[in-house]
Amino acid sequence: MSGETYYLTTPIYYVNATPHLGHAYTTILADTMARFQRLRLGPERVYFLTGTDEHGDKVAQAAAKAGESPQAYADRISGIFQETWKRLGLTPNQFIRTTSDHHKRTVQRFLQQIYDSGDIYFGEYGGHYCFGCERFYTEKELQDGKCPDHQTAPTFIKEENYFFRMGKYQSWLIDHIHGHPDFIRPDRYKNEVLSFLKDPLEDLCISRPRARLEWGIPIPFDEQFVTYVWFDALINYISALGWPEGEEFRRFWPAAQHLIAKDILKPHAIYWPIMLKAAGIEPYGHLNVHGYWKIEEAKMSKSLGKVVRPLDLAGAYGRDAFRYFLLREMTFGLDASFSEEALVARLNADLANDLGNLYSRVLKLIERYYNGALSDRPDGGGLSGATGAAVAEIGAAMKRFAFSEALGAIWDLVSATNKYLVTNEPWKQDPGDARTKTVLFTAAETLRKMAVLLMPFLPDTAERMLQGLGIDAMPTSIGLEEALASEVVGSPRERRVREVRALFPRIETTSPKPSRGTKEVPAFPEAPPDQITIEEFRRLDLRVGEVVEAEAVPGSKKLVRLRVRLKDEERTVVAGLREQYPPETWPGKQVILVANLKPTTLMGIQSQGMVLAAEDDAGRIVLLKPEQPIPPGSKIR
Ligand code: MSP
């Protein structure tokens, strides 16, 4: 496997809209795969590309609407994409922009090359043009005379343009698809492409007259025209690697895999391989196609007015919980429905309950029984079969982009570990018994392996789990099996655990939203606007908490970050009370916490509740506390 590399791309997103859940989904999938391959092959063998598609009618129109020049507009929206991926913790090797000089030069070079070899000609064409899709539709493709994607009537346009001889390569493409059965996967999309290729392929109009559209890359052999935006955009996949001479092109192109949703199957499955063929470049290895996230049965899109913002969700529930939901809920290739209720249900059941409780349980027992340190204990082997099975299944699933199955395999291991503990009941045994030590050591060792397996999927959680297990160095450039087996990630002979913090807070769902399609039922009996009913008051989950530690939030004068203990969980709470109560005054204090406040992120820290204080008219603030000490977690009624 010495020379194996991995190159994975996402579509480059149009800058006519800011990122929504659909864009985040593809990019999170790609990030997960890139992290998985980095773990498997070493980071220097993996290249993950994403970026923005910035030319064309759509962008020019959006810029005009925003009252900005196309370039200023593209800079701004592209910046929002980059910032969003950063905040979601995504790790592309490069973020390409089609307005970069390098990309423009590459597109012109590519065009010149296939023009010189005779695959481009000048001609006249009349056709049904959809401005939303930026392409011509044939009569047959239209549905009731409308664009099937946008449901709008196309405009008939007749003009002179440059055309790319796609028809010439049709039989080559059909043979290539038959000869490489997983060139396009899953199969349903391959079949769709083959069925489309049964009819003769029309040549592709690859220019737009400047008189109609200025915002594009000039055609190198005729300055009256700019390049069709799809022809420009697809070339990003090779311009990013420095085609034709680039070292990265040489290393990574032979391992190219594209990841897209089904909306852009045709340009990727038909135009792009033919463009590559015409330019004498090997086709990419695989085109991996996923389905749509839908909201109430419609594809989410700006034009349909249904949009979910990724940062809102990651902010409210944590970016790993958001990531987990997306990866787990959608079967690769099929559509899935998005709802916040389903996200919360998965978060509570899979993350807070199955994984979170397992982790806290094991670490707390090691802390309680052995003061946090267990050494010279062999792994009892009781879970080695389950771990081996999980590793094998994850490897097989990831080859097929079956992210949900890979997570399913990890959760089988979580269940097996929970079962192992329930069978052995270490909490009922004598801590001094060799068997108790072995059981807890085995469980902790399995948690360590689980954390390594989770690294691509839930990177923040995996890091916290490893830190809790006393391991600071994250594995990077070692094979997955080695990472699991060896001392590279923590010595297998010693487990020294640290403070136990809950991995995921449970989200209380006391007031289910009314089911869709029914009339909104008021959640509470009516009350005058400035009064609340007792039922409304009861929705507040007010608890006594005990502060276990406090530290100043860097970069803020007012904020202090608290760890607050409730009954058997700890919360991070960010309070704006540092000026009145500096960090050293907090530990040991009892406070009143609003425990079911929707989590929110302040200065990059997720706050899971709010501490109550009173303020007088002069603005003096004092903290509220129980009149006498009472066990943390006590409910305020
Ligand atoms: N700019 C072109 C792509 C050029 S690639 C050479 C484009 N951009 S886009 O902004 O419209 O992004 C389309 C992609 O966004 C989809 O292929 C998919 O990756 C993602 N998604 C957008 N909406 C989506 C859903 N509702 N569900 C899942 N993915 C979605 O097309």
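Student: Why is Thr99 called buried?
Tutor: Thr99 has a relative accessibility of 10%, and buried means under 20%, so Thr99 counts as buried. Please keep in mind that this is a predicted model.

Student: Where is Thr99 found?
Tutor: Thr99 is in the loop between β3 (94-97) and α4 (101-116).

Student: What makes the pair Thr99 and Glu54 a polar contact?
Tutor: The side chains of Thr99 and Glu54 are joined at 2.7 Å, and the cut-off for a pair of N or O atoms is 3.5 Å. The value falls within that limit, so the label polar contact applies.

Student: Which residues does Thr99 touch, leaving out those up to four places away in sequence?
Tutor: Thr99 touches Glu54, His55, Gln71, Lys104 and Trp215. Contact here means heavy atoms within 4.5 Å.

Student: Let's turn to the ligand. Which residues are closest to the ligand?
Tutor: Ile12, Thr26, Asp53, Asp263 and Trp293 are the closest, out of 24 residues that surround the ligand.

Student: How much of the ligand does the protein bury?
Tutor: The ligand taken alone exposes 670 Å², and the protein buries 95% of that.

Student: Which elements give two or more residues to the shell around the ligand?
Tutor: They are β1 (6-14), α1 (21-41), α7 (229-234) and α8 (236-239). The largest share, 4 residues, comes from β1. By residue class, the shell divides into 13 nonpolar, 8 polar and 3 charged.

Student: Now the sheets. What is the strand order in the open sheet of 5 strands?
Tutor: The order is β21-β20-β19-β22-β25, and the pairing is antiparallel.

Student: Why do β21 and β25 stand at the edges?
Tutor: β21 (570-575) and β25 (610-611) each have a single partner strand, so one side of each is left without a neighbour in the sheet.

Student: What makes β20 and β21 a pair of strands?
Tutor: Pairing needs at least two bridges, and β20 (residues 560-565) and β21 have 6 in the antiparallel sense. The count meets the requirement, so they pair. Within this pairing, Arg561 stands opposite Val574 in β21.

Student: Why is Val611 called buried?
Tutor: Val611 lies in strand β25. Its relative accessibility is 10%, which is under the 20% limit, so Val611 counts as buried. Not counting residues up to four places away in sequence, Val611 touches Leu562, Val573, Leu577, Val591, Ile592, Leu593 and Leu623.

Student: Why is Thr438 called buried?
Tutor: Thr438, found in helix α16 (residues 434-454), has a relative accessible area of 13%. That value is under 20%, so Thr438 is buried. Leaving aside neighbours within four places in sequence, Thr438 is in contact with Arg377, Pro378, Gly380 and Tyr420.

Student: How do you know that β10 and β11 pair?
Tutor: 2 bridges join strand β10 (residues 218-219) to β11, and the two run antiparallel. One of the bridges sets Pro218 against Val226 in β11. β10 and β11 also form a hairpin with 2 residues between them.

Student: How many bridges pair β4 with β6?
Tutor: Strand β4 (residues 120-130) and strand β6 (residues 155-164) pair over 10 bridges in the antiparallel sense, and Glu124 stands opposite Glu160 in β6. β6 also pairs with strand β8 (residues 204-205) over 2 antiparallel bridges, where Phe164 stands opposite Leu204 in β8.

Technical notes
Residues are numbered from 1 along each chain as its sequence is written. This is a predicted model: local features need pLDDT of at least 70, side-chain atom pairs count only at pLDDT 80 or more; totals for chains, interfaces and linings use all residues. Side-chain values use heavy atoms; hydrogens and water are left out. A residue is near a molecule or strand if one of its heavy atoms lies within 4 Å of it. Accessible areas come from the Shrake-Rupley method with a 1.4 Å probe; for residues, only the protein chains shown count as cover. Ala, Val, Leu, Ile, Met, Phe, Trp, Tyr, Cys and Pro count as nonpolar, Asp, Glu, Lys and Arg as charged, and the others, Gly among them, as polar. Buried means under 20% relative accessible area, exposed over 50%, partly exposed in between (1.4 Å probe, protein chains only). A polar contact is a pair of N or O atoms within 3.5 Å; within protein, one must be able to donate a hydrogen and the other to accept it, and residues adjacent in sequence count only if both atoms are side-chain atoms.
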